[in-house]
Amino acid sequence: MVIFYITGVLILVAIYIFIDHCRMKKISHERGEPNICEYARSFDFRNVDTKIIREVWSEIQLSLGNYNGRPFPVKADDTFDSIYKMDPDDLDDIYWSVADRLGIDTENPEGNPYFNQIRSVRDLVMFLNHQPRIKKYNKVL
C-alpha cells in the first residue's frame with residue numbers, strides 16, 4: 001500500500017515538473033532571444049555597477065537552463081517566486097556565486113537597505129550593488 005502512495009507522489013511531482021518546464025518554455029518563446037542590452041538598459045548604469053548587472057544575468061541564465069535551444073531571456077523585473085518558481089536556496093547560490101566572483105563583501109548584510117526585500121532580479125542586483133567590496137579585490141581590479 002505504501003508503494004502506491006510513493007508511486008502516486010512521484011507521478012504528481014513528475015507532472016508538476018513537466019508543467020513548469022512547459023510554462024518556462026512558453027515564456028522563453030514569447031520573449032524571444034536573450035538580450036543583455038535590453039536587460040542592462042533597465043538599470044541606471046551610472047549608479048549601478050555594470051559588472052554586477054552582467055554577472056547576475058549570466059548566473060540566473062545558468063541556473064534556469066536552456067529553453068527552445070537557448071538560455072532563458074532574463075528581465076530585470078522578473079520575480080524569483082512567481083516567474084522562476086525558484087527555491088530560496090537557489091537564490092542564495094546565485095548571490096554567493098556573484099559575490100565571490102566580484103569580490104563583494106557578504107558580511108553584515110543586515111545594514112543593506114535591500115536586506116530581506118529581494119523579490120526580483122532588480123532587487124538582487126541592487127542588494128549586491130549596495131554591499132561593500134572586499135579591499136583585496138579592489139586592488140587587483
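Is lysine 75 buried, partly exposed or exposed? Lysine 75 is partly exposed, its relative accessible area being 26%, where buried means under 20%, exposed over 50% and partly exposed in between (1.4 Å probe, protein chains only).

1. The model is a predicted one, in which local features need pLDDT of at least 70 and side-chain atom pairs count only at pLDDT 80 or more, whereas totals for chains, interfaces and linings use all residues. Residues are numbered from 1 along each chain as its sequence is written, and side-chain values use heavy atoms, with hydrogens and water left out.

2. The structure holds nine salt bridges, a salt bridge being a side-chain nitrogen of Lys or Arg within 4 Å of a carboxyl oxygen of Asp or Glu. One of them joins glutamate 38 to lysine 75, with the closest N and O atoms 2.5 Å apart. This pair links distant parts of the chain, since glutamate 38 is in helix α2 and lysine 75 in the loop between β2 and α4, 37 residues apart; helices (H or I, at least four residues) and strands (E, at least two) are DSSP runs, numbered from the N terminus.

3. Arginine 133 and aspartate 49 also meet in a salt bridge through their side chains, at 3.6 Å from N to O. Here too the pair links distant parts of the chain, with arginine 133 in the loop between α5 and α6 and aspartate 49 in the loop between α2 and α3, 84 residues apart. Arginine 133 is partly exposed at 24% relative accessible area, and aspartate 49 is partly exposed at 26%.

4. Within helix α1 (residues 2-31), arginine 23 and aspartate 20 are separated by about one helical turn because they are three residues apart, and their side chains form a salt bridge of 2.8 Å, N to O.

5. Glutamine 131, in the loop between α5 (121-130) and α6 (135-140), counts as buried because its relative accessibility is 3%. Its side chain reaches the backbone oxygen of aspartate 105 at 2.9 Å.

6. Asparagine 68, in the loop between β1 (66-67) and β2 (70-71), has a positive phi near 55 degrees, and asparagine 108, in the loop between α4 and α5, has a positive phi of about 50 degrees. Asparagine 68 is partly exposed at 31% relative accessible area, whereas asparagine 108 is exposed at 60%.

Key. A polar contact is a pair of N or O atoms within 3.5 Å; within protein, one must be able to donate a hydrogen and the other to accept it, and residues adjacent in sequence count only if both atoms are side-chain atoms.
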